[in-house]
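Welcome! Take a look at the sequence and the 3D structure below, and then let us walk through a few of the features together.

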Amino acid sequence: MIKNSYSVDAETDLRITPYLNEAALPAMIRPVMSLAQSDAEKDILLMSLLTAAGSCMPNLYFRYGTTAKQYYPNLQCFIVGSAASGKGIANLALEFVRTVHECSPLIIPGDSTFPAFFRQLESQYGRGYIHESEGSVITDIWRSSTANYNTALRKAAEHEPVSRSRYGEMAVIRCPQVSMLVTGTFSQYHALVPSTENGYFSRLLTLIVDGTTPFSGSYMQPAAYSDSIIQTASMQLYKLYEYLYFARPREFRLTDSQCERLGSHLETAYPTLISMLGSGFHSVVIRMSVHIERMAMILSAMRMAAKVESNRDALLKDNAPLVCLDEDYRTAELTGNKLILHMAQAYQLIKGREPELAPKVKPLDQRQILLSLLPDKFESKELVEEAKSQGIPRRTVLRWNDEWLQAGIVFKIKHGIYRKKAM
């Protein structure tokens with residue numbers, strides 16, 4: 001059952017994990033998630049673990065768009081928050097990939113000039129993970145005349161060739177696969193993304209954490225307890241990485257119903273968000289579909305870890321597509337829906353506006369999505385189940401149905417059975 005222990009109205013609550021069924025998360029990360037002490041820390045930890053894990057999944061891809069372009073499980077994410085907002089827990093992601101890095105160099109220091117970054121990425125066959133807990137380290141480097149990270153990371157997000165010319169010689173990384181996790185203040189974020197028009201804004205996932213983390217005696221848990229949990233997860237991730245490294249390239253696929261649902265989400269979210277925020281937000285909504293599929297791929301791949309330990313040899317011979325489970329798609333979709341709202345806040349802040357519109361997007365947007373996913377004739381239980389899969393409380397969706405009835409959008413056939421208005 002989806003957790004619902006918060007007091008803020010679900011329509012305007014931008015947190016992620018209170019709406020998730022944490023028991024349905026992959027076993028690899030559930031114990032790590034338990035180390036978080038607040039909803040804010042859980043949101044930070046979820047995005048951190050997904051970003052870090054995606055950097056350790058070679059030879060896994062999905063095809064997207066009319067050109068069937070290949071995308072890999074690499075996310076780039078900036079977590080924005082003030083001091084004492086809980087951002088520090090993101091550093092567990094660095095320990096999560098530690099075993100992989102020690103066996104196969106992966107981590108690229110944030111404090112690297114562009115030539116140093118390029119050389120290391122080249123030596124790692126185009127794969128790398130940048131983890132920086134102080135956004136100023138990244139932004140200071142970006143300001144130097146020798147750095148060209150913005151273009152490089154923007155291209156890497158689409159796996160487009162990144163090149164460097166020196167002394168007349170051209171070096172090219174043809175398919176960069178770079179994951180990046182940065183935490184910092186909004187001023188540091190704004191220095192990294194000064195404009196919403198340069199293309200990088202829509203490619204960089206943004207999570208905004210409000211407030212501070214209250215002090216609690218539960219923080220006084222022995223370090224060995226936390227270390228044991230993260231070390232176990234790190235070893236499981238390494239075994240998965242090793243399997244994928246030696247395996248043949250493997251395609252990830254959404255089911256037909258998941259693809260249809262994702263397309264419906266974009267069709268309904270697009271006009272609402274654009275009408276409220278302007279056409280410049282178009283690329284965020286469209287690219288979120290790629291982010292959602294990437295997150296679904298990472299979650300589904302994590303579930304392979306247990307099979308790798310018990311039946312690695314058989315898996316190496318298996319080249320069948322990895323098909324997304326519904327619970328992983330729901331987690332990815334809900335996370336993406338929330339991140340769109342976080343990026344709406346960032347969009348307005350960059351534009352110099354107060355972020356008043358972002359919370360208002362949620363009710364209209366999600367109601368449209370929910371209604372479009374229901375059959376023309378539906379029962380109350382279908383409505384509640386579909387709402388549950390999207391993290392919408394039963395009380396809220398029943399209220400929405402009453403409003404649909406009053407507005408003539410839905411008609412009551414008999415008790416518990418309804419029909420949508422013909423369009």
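## A network of charges

K69, E158, R203 and R287 are linked in a network of salt bridges. A salt bridge here is a side-chain nitrogen of Lys or Arg within 4 Å of a carboxyl oxygen of Asp or Glu. Side chains of opposite charge can pair when their charged atoms come close.

Before going further, a word on the source: this is a predicted model, where local features need pLDDT of at least 70 and side-chain atom pairs count only at pLDDT 80 or more, while totals for chains, interfaces and linings use all residues. Residues are numbered from 1 along each chain as its sequence is written, and side-chain values use heavy atoms, with hydrogens and water left out.

How many salt bridges does the structure hold? There are 13. One of them joins the side chains of D39 and R15, at 2.6 Å from N to O. This pair links distant parts of the chain, 24 residues apart: D39 belongs to helix α2 (residues 39-54), and R15 to the segment before α1 (30-33). Helices (H or I, at least four residues) and strands (E, at least two) are DSSP runs, numbered from the N terminus. R15 counts as partly exposed because its relative accessibility is 23%; buried means under 20% relative accessible area, exposed over 50%, and partly exposed in between (1.4 Å probe, protein chains only).

Within helix α16 (residues 394-407), E403 and R399 sit 4 residues apart, about one turn of the helix. These two form a salt bridge whose closest N and O atoms are 3.7 Å apart. E403 is partly exposed at 31% relative accessibility, and R399 is partly exposed at 32%. Another salt bridge pairs E379 with K381, with 4.0 Å between the closest N and O atoms. Here E379 is partly exposed at 32%, whereas K381 is exposed at 60%.

## An enclosed strand

Is strand β8 (residues 177-184) buried or exposed? 8 of its 8 residues are buried, so β8 is largely enclosed by the rest of the structure. In a regular strand the side chains alternate between the two faces of the sheet. In β8, Q177, S179, L181 and T183 point one way, while V178, M180, V182 and G184 point the other way.

Two strands pair if DSSP finds at least two bridges between them. Strand β3 (residues 76-81) pairs with β8 in the parallel sense over 5 bridges, and V80 has G184 of β8 as its bridge partner. Strand β5 (residues 127-132) also runs parallel to β8, joined by 6 bridges, with E132 opposite V182.
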